[in-house]
Structures are given as C-alpha cells and as structure tokens.
Amino acid sequence: MTEFPVPLDNLIAYVKTLHPDGGPLENVADAFAVSEQLDEQSDALLGYFVDQARRSGLPWSQIGAAMGVSKQAAQKRFVPSQPSQASLPGEAADALRAAGHKPFSRFTDRAVRVLFAADRLASGQPESAAGNESAGHAPIGATQLAAAFLSEPEGLAAKAIRQAGVAPEQVYAAVGTGPAPQLPNQDRAMLPELTFDDSTKAAFKEALRWALRMGHNYIGTEHLLLGVMFTGGPTAEAFTALGLPPQRAEQLVAAELTAYQANLQGQLSSMGRNRPIPEPNEAGELYPSG
C-alpha cells in the first residue's frame, strides 16, 4: 500500500500550531475540530466511490460487503435521506466554529487579501473600497477566487499560473470574471462576514488537505489554487483548457516553493547564518512556525 497522503506527524504538528502556547485541553479541542473536518472529507470520499459503484450497476448488497457492513446499513448511510455531499463543506465549517476553531486563522495575509478581492468581484463592484459588502450579493465562487489569485502577483498561485504560460487576460476570459483589485491588508475580523458557495467551501477543504500533506502550518494562495484545481468543476476545467491541469499546477507550485527556499537559503548564507529554513509565507514573507 502506498503511503497515506496525510501523515499523522503532519496532523499533530498542524494542531500544535493552532495554539502554540495552549495547554492539553486546548490541544484536544483543536484536534477534535480538525478531526471533524477530516471525518466530513472522508465521508465525502467514500460517498463518491459508492456513487460510482451504483452508477456502474452494482447492487447495495455487494457495496455493503465491500464496506464490511450489511446491505441495509450501506443503504441507510448513503440513500438520499442523508445530507448531500454538496452540503458537507458548510457542515464542516459549522462544526469548526462550534468547537471554537477559527477557520481562517492560518490563512496568510496574501490569501486573506485574495478572499476580499474575490468578494469585490462577487459584489459586481471590483473597484469598491474595502469594507463589508457581502450582504445582499452573490457568494464568492471558485471563479472569483481564481481571478483574484492574479491580484497578488507575488503570491505563489499567481506565479504558478504565469509559469504555465497563462496570461491574466486568458484567465479572466476563461472563468468569466476579473480582474480583481489589488488590496491592502484587510481586517481579519470581517472574514466571517464573507459568504462562499459550495465550490469555494470544497476548495477550502481541499486546500487544508494540501497544506497538511505538504507539512505546512499555514494556508497560502498556493494551497487555495490546488484546492480549486483538485476539487474539479468548471473552474478547474477552464484552467485545464488553458494548459494548466491539476497535476501541472501541483508541479509548478512545488517548483515555486523549491525556488523560494533556495533563494532564502542563499540570503541566509550571505549573512553568515546557517539555520533551518522556516516555512514560507508566500514568496518572501515568513509565517511564524509554532
């Protein structure tokens, strides 16, 4: 069996960064919140393959046997009376908030600015001033998020897109929105006021999975890009049509991270310092590793 995509050590390290100075009970609360989110994702994963099995014509008796449960138990878990997979991201977010976890606490400043820039596009007022404009307009979708990546040209998502040979105008035309404004740092207290559709919620969950898989204690624009790409849907298909499929995006993000680390190591060496490279917070900014 191949290595599990999210090693336990990475999960433990991630939980410890949520409250670096917290005690055992805070660690338990944070671990519970993260496990709730991962449980929702595992349910969605299983549900996807159960749906594929049903589409291929397999009966519930065989599907239940493959899961090690009865036909009735399999049906009870996956018949339409259960919540739809599309609703799972929202339920996961509610569980995190109920546990006291702040869903955006580990987003980099660039990633936060991208969210607010995407909100300007969703509002239909891309040049409007910063502020709470989410009420009364469409939620932020993956299309707005994709266009907003380019509002941060020094972010790793924008760099990966450029390295793929895709021009901003091509992205805007493909996703049907943009350009988004380049914003100053935003008030993180306003993040809960933003609204997101199912495609963006799914991208957030996938971004978290990528951050954990890469051993990062933050979520940057590179993780959000991979989140958009690997959840599929029209936005990912638009990027693929432009010559940037998900696997290529993963390669380019990895290359940008490697280049960043090499550049930083060179800077440290020139200063006569030889120390481990801290985790990058997107091209030149370091996120405090707890």
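Biologist: Over which ring does the charged end of arginine 209 sit?
Modeller: This is a predicted model, where local features need pLDDT of at least 70, side-chain atom pairs count only at pLDDT 80 or more, and totals for chains, interfaces and linings use all residues. Residues are numbered from 1 along each chain as its sequence is written, and side-chain values use heavy atoms, with hydrogens and water left out. A charge sits over a ring if NZ of Lys or CZ of Arg is within 6 Å of the ring centre and within 35 degrees of the ring normal. At 5.3 Å from the ring centre, the charged end of arginine 209 sits over tryptophan 210.

Biologist: Are the rings of phenylalanine 107 and phenylalanine 204 stacked or edge-to-face?
Modeller: Rings of Phe, Tyr and Trp (its six-membered ring) pair if their centres lie within 6.5 Å; planes under 30 degrees apart count as stacked, over 60 as edge-to-face and the rest as tilted. Here the centres are 5.8 Å apart and the planes at 85°, so the pair of phenylalanine 107 and phenylalanine 204 is edge-to-face.

Biologist: Is phenylalanine 107 buried or exposed?
Modeller: Buried means under 20% relative accessible area, exposed over 50%, partly exposed in between (1.4 Å probe, protein chains only). With a relative accessible area of 3%, phenylalanine 107 is buried.

Biologist: Which residues form one aromatic cluster?
Modeller: The rings of phenylalanine 196 and phenylalanine 204 also pair, with centres 4.9 Å apart and planes at 75°. The cluster consists of Phe104, Phe107, Phe196 and Phe204.
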